[in-house]
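Please open the structure in your viewer and keep the sequence beside it.

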Amino acid sequence: MLSFDILEYRERLRKTKQKMQEQGIDVLLVTDPANMNYLSGYDGWSFYVHQMLIVIADEEQPFWIGRGQDANAAKVTTWLTKDNIIPYTDEYVQSTTKHPMDFVSDILKQIGQANRNIGVEMDTYYFTGKCYTSLIKGLPNARFLDATSLVNWVRIVKSDQEIDYIRKAAKIVENAMRIGIDMIQEGVRECDVVAEIYRTQIRGTDFYGGDYPAIVPLLPAGEKTSTPHLTWTDQRYKQGEPVILELAGCYKRYHAPLARTMVIGEPTELMKDLGKVVSEGLNAALDVVKPGVTCEEVELAWRNSIAKSGFSKDSRIGYAMGLNYPPDWGEHTASFRPGDRTILQPNMTFHMIPGVWLDSCGVEISESFRVTEQGCEVFANFPRELIIKKDEPEIPEPQAG
């Protein structure tokens with residue numbers, strides 16, 4: 001069930017160990033499920049309980065530690081040998097007297113790693129304060145270092161196989177976006193539209209199926225388009241409402257997010273203006289993407305473009321993305337915003353989502369892309385404009401190529 005050749009996993013591990021050496025880390029505790037997948041292939045809906053990979057500088061393979069009933073998932077989905085898969089019993093699961101990190105501390109003692117420099121992902125969704133206090137108590141002679149995003153930065157430049165998976169995800173999101181826009185009309189329930197979007201995301205294409213995205217479909221309508229992260233209700237769409245659709249295709253945990261804004265019926269002049277400002281700004285930012293450019297330079301192109309129309313935006317306009325699990329498809333590394341001097345390199349992948357949200361409405365138009373040798377490759381092929389749906393949606397067919 002491996003998604004990549006073992007040689008690719010070994011190369012990822014080599015690069016991770018190189019980062020560890022640079023930061024003075026002997027042992028790395030990896031709790032981010034995307035980083036676990038990246039280094040080992042592990043893929044299961046088990047991140048609601050504590051699990052990790054232990055990467056040791058002088059060991060050929062990582063150790064997987066997780067709940068006993070998930071150990072066979074590790075055997076099925078990873079390249080690790082049986083001896084490197086170490087389960088803990090259910091007495092550690094959501095217990096008030098024992099903690100899985102107590103078990104981890106005992107294992108590290110048994111394999112002679114209790115006195116070393118240990119890196120932990122301090123700022124991840126799945127590493128809690130209790131995890132940290134348990135490790136400190138169990139390993140009093142260890143020196144703990146913050147290794148947040150260490151593996152994430154290794155992930156930021158994708159292999160050709162990873163790029164192929166994102167391209168596949170983009171075909172899925174094209175289908176999901178078209179289905180959503182086709183279904184949205186006056187009188188239709190929001191939840192019914194999302195049901196069909198979900199079906200399309202999971203069905204995939206005739207040639208390959210889809211995976212569950214890390215974020216649910218975001219579909220604010222009407223005044224709720226003034227904020228970006230609302231989902232859906234059982235209310236019915238109304239004539240004249242704007243609707244934002246932020247979706248993603250997902251293939252083998254690799255994402256291709258895409259956002260578009262549509263209006264049911266005739267848009268207001270404000271919506272027309274916003275649509276034009278956002279699409280022109282997005283085009284301006286994409287035009288400057290190429291190797292050697294910094295993230296803040298990309299954001300500046302957007303900021304200068306919208307300033308000509310009197311608009312400003314104080315939040316970032318994009319971020320690195322790719323492999324991930326709920327609750328986010330972003331990689332938590334580079335962002336398009338002032339002060340981020342990350343230099344773009346070929347095969348970095350980003351979601352650029354320069355939305356503008358006002359008090360009464362908002363517009364999002366986004367693209368996922370990779371940095372190429374000369375510029376950028378936009379993954380999805382979908383009209384980059386405010387979509388106006390009267391009797392039939394004004395959605396031009398994608399061009400070939």
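Select strand 2 and strand 3 (residues 63-67): these strands run antiparallel and are joined by three bridges. Strands are DSSP runs of E with at least two residues, helices are runs of H or I with at least four, and both are numbered from the N terminus; two strands pair if DSSP finds at least two bridges between them. A hairpin of six residues leads from strand 2 to strand 3. Within this pair, Leu53 stands opposite Trp64.

This is a predicted model, in which local features need pLDDT of at least 70 and side-chain atom pairs count only at pLDDT 80 or more, while totals for chains, interfaces and linings use all residues. Residues are numbered from 1 along each chain as its sequence is written, and side-chain values use heavy atoms, with hydrogens and water left out.

Buried means under 20% relative accessible area (1.4 Å probe, protein chains only). Met52, Ile54 and Ile56 lie on one side, and Leu53 and Val55 on the other. In a regular strand the side chains alternate between the two faces of the sheet.

Finally, select Leu28. Leaving aside neighbours within four places in sequence, Leu28 is in contact (heavy atoms within 4.5 Å) with residues including Met20, Leu53, Ile54, Val55 and Leu150.

Technical notes:
Buried means under 20% relative accessible area, exposed over 50%, partly exposed in between (1.4 Å probe, protein chains only).
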